[in-house]
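Hi,

Here is the structure I wanted to pass on to you. Have a look at it first, and then read my notes below.

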Amino acid sequence: MTLITPERNQAAGHVDPAAAYVPDQSRAERRTSFEVADFPVPHGREEEWRFTPVDRLGNVFSDTPTDDREGDPAATFDATEVEAVLAEPLGPGAAPRGTVLVPADRAAVVASANTDQALHLKLAADTVYDEPLRLRIHGNGAGRRSNAHYVLEAGPHSQGLVILEHTGSAEHTGNLEVIVGDGANLTVVTLQQWEDDAHHLGQHDALVGRDAAYRHIAVTLGGAIVRVNSNVRYAGPGGEATLLGVYFADAGQHLEHRSFVDHNAPRCTSLVTYKGALQGDTAHTVWVGDVLIRKEAEGIETYELNRNLVLTDGARADSVPNLEIETGEIAGAGHASSTGRFDDEQLFYLMARGIPEAEARKLVVRGFFADIVARIGVPEVVDTLMAAIEAELAATGS
Amino acid sequence: MATLEIRDLHVSVDTEQGPKEILKGVDLTVRSGETHAIMGPNGSGKSTLAYSIAGHPKYHVTSGTVTLDGEDVLAMEPDERARAGLFLAMQYPVEVPGVTVSNFLRTAKTAIDGEAPKLRTWVKDVKSAMENLRMDSAFAERNVNEGFSGGEKKRHEILQMELLKPKIAILDETDSGLDVDALRIVSEGVNRAKEGTDLGVLLITHYTRILRYIKPDFVHVFVDGKVAEEGGPELAERLENEGYDRFLSAAAQN
């Protein structure tokens, strides 16, 4: 399906929740700034915050430093598995910091303003990193404010896999700024396995170089409120961006993923695929996928897809794809979104073959995620993910 | 030797106008090695009988009994019924995205047998069963029923029946939508299972053509939720010539 939305309010009688407010004329007009004052604390009626329980996020929105105490940091950053690529940290304004990521919302701007020294990872040009480069971020206590900003540079024709692993609990805001050099092949995995009381808001921006391939994979399983925004634009033609996401929300969890692919260069591709399951009262997931195809982005191809599987009553999945097209000279553009409840006919079919209900449910849910799991293709991430999904299903005894 | 006994079975479904009785007192006994054909016009309750025996939650048994070798089938969950030895080849099997045929078959076999099948013999069994049904080996790696043609779905149902080796199999309009070649291939599968495992078969069909390939021992004519007439294979021939009209007009008069 292709949706062309030069003006979103044009179709009379079309019931589109996005039509209830006066939007920017283009996604490109959304404000970005390094000034905290440019982003007032959200009240929840803004377009980019309308699904988020902002009333519970006051601590993350406040312009305050990280709650480090003597010998007891708010969050521990274990960089032992990224030592090979660790470079000098970057202060505010020290390039390349700030060249790709300009904060686009309140959480990102306070993270930026309150991070003096950004962790800097640099993959050397023409180098293949066989081992995953893993940064472990562990929150040391619920309610403790933690700010972070990371700069990740993949040199031209380098190849590597970087994993950000989030555990523990904190009030965490984390920015990730990614520069994918020409011809580089970089995969970034952000794994959210927070405790039940953690809050985590993040903005991940990437600039994809000429003929480079960038993959961003968000796996969100834990946390009370998690919101990860994954954004991409291109530094030249021929870039490929693949944004994948998998999430599983239980009762009381709000898991939100947003992406914005800014097709600002010709002959690039983007593929956005997010899949999630929900179970339990008040489990809430949000996916908002924006794609902008600018006039100069001739010959590009883009597709975005979101699927949600609702396993129990009382859960809610919001899914909003937005596609904005300024040139018709493209190879293809489309999007798809669907949210469905667990199919009892599938359950009956499997049970009629002798498979007990719990195992049948597991088969169906595993099957639902099978294609995206295959696409993720990173064995250790897949194993973690499948184990977590099985645990989620076992926990409810369903 | 297994016996499926259905006694005075009454079944309703929920409709917008309240519960509606579909089966109105069905009596039927199927033993190992026997083939029973249930024939009848559309809407007579044939499929309801099939799904009620398999335990589909949509159908509510209001009275009567179903037993397999004396065990109360109606007290069992659908998976327990399958493990007890019942099998339903469905008319409209559903798609299960992301679950491959090979994974599905192995999981079902493990559940039925209570232990995982020995890998080497299992792979061989699946392969030869698929060859017998003229199924391409690539089929095993496709997702269950996803994008299957009508004929492929029916072959896949019979494949499961051959591999899971039930005691009693109910075939719900397995012949519908099949061309002559596919009908023959599917029928051969049923006959193999009858010979190999002394399978008892309850063959539900609207048409008589499948009975040229699968010879019934008994024919039951189903009209308005119960058995209207019973007989041997000759009854099927009579239906072939006369159709269901005389039963329908009789039912209308009642």
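A residue is called buried here if 20 or more other C-beta atoms lie within 10 Å of its own, exposed if 12 or fewer, and partly exposed in between, with C-beta atoms placed from the backbone. This is a predicted model, in which local features need pLDDT of at least 70 and side-chain atom pairs count only at pLDDT 80 or more, while totals for chains, interfaces and linings use all residues. Residues are numbered from 1 along each chain as its sequence is written, and chains are lettered from A and ligands numbered from 1 in the order in which they are written.

Strand S13 of chain A, residues 284–293, has ten of its ten residues buried. Both of its faces are covered: A:Val288 and A:Asp290 are among the buried residues on one side, and A:Trp287 and A:Gly289 among those on the other. S13(A) runs parallel to strand S11 (residues 254–263), joined by ten bridges; strands pair if DSSP finds at least two bridges between them. There, A:Glu256 has A:Val286 as its bridge partner. Ten bridges also join S13(A) to the parallel strand S15 (residues 316–325), where A:Asp290 is partnered with A:Asn322.

Now the whole chain. Chain A has five helices and 16 strands, counted as DSSP runs numbered from the N terminus (helices H or I, at least four residues; strands E, at least two). Of its 398 residues, 50% are buried. The C-alpha trace spans about 65 × 55 × 45 Å along its principal axes.

Enjoy exploring!
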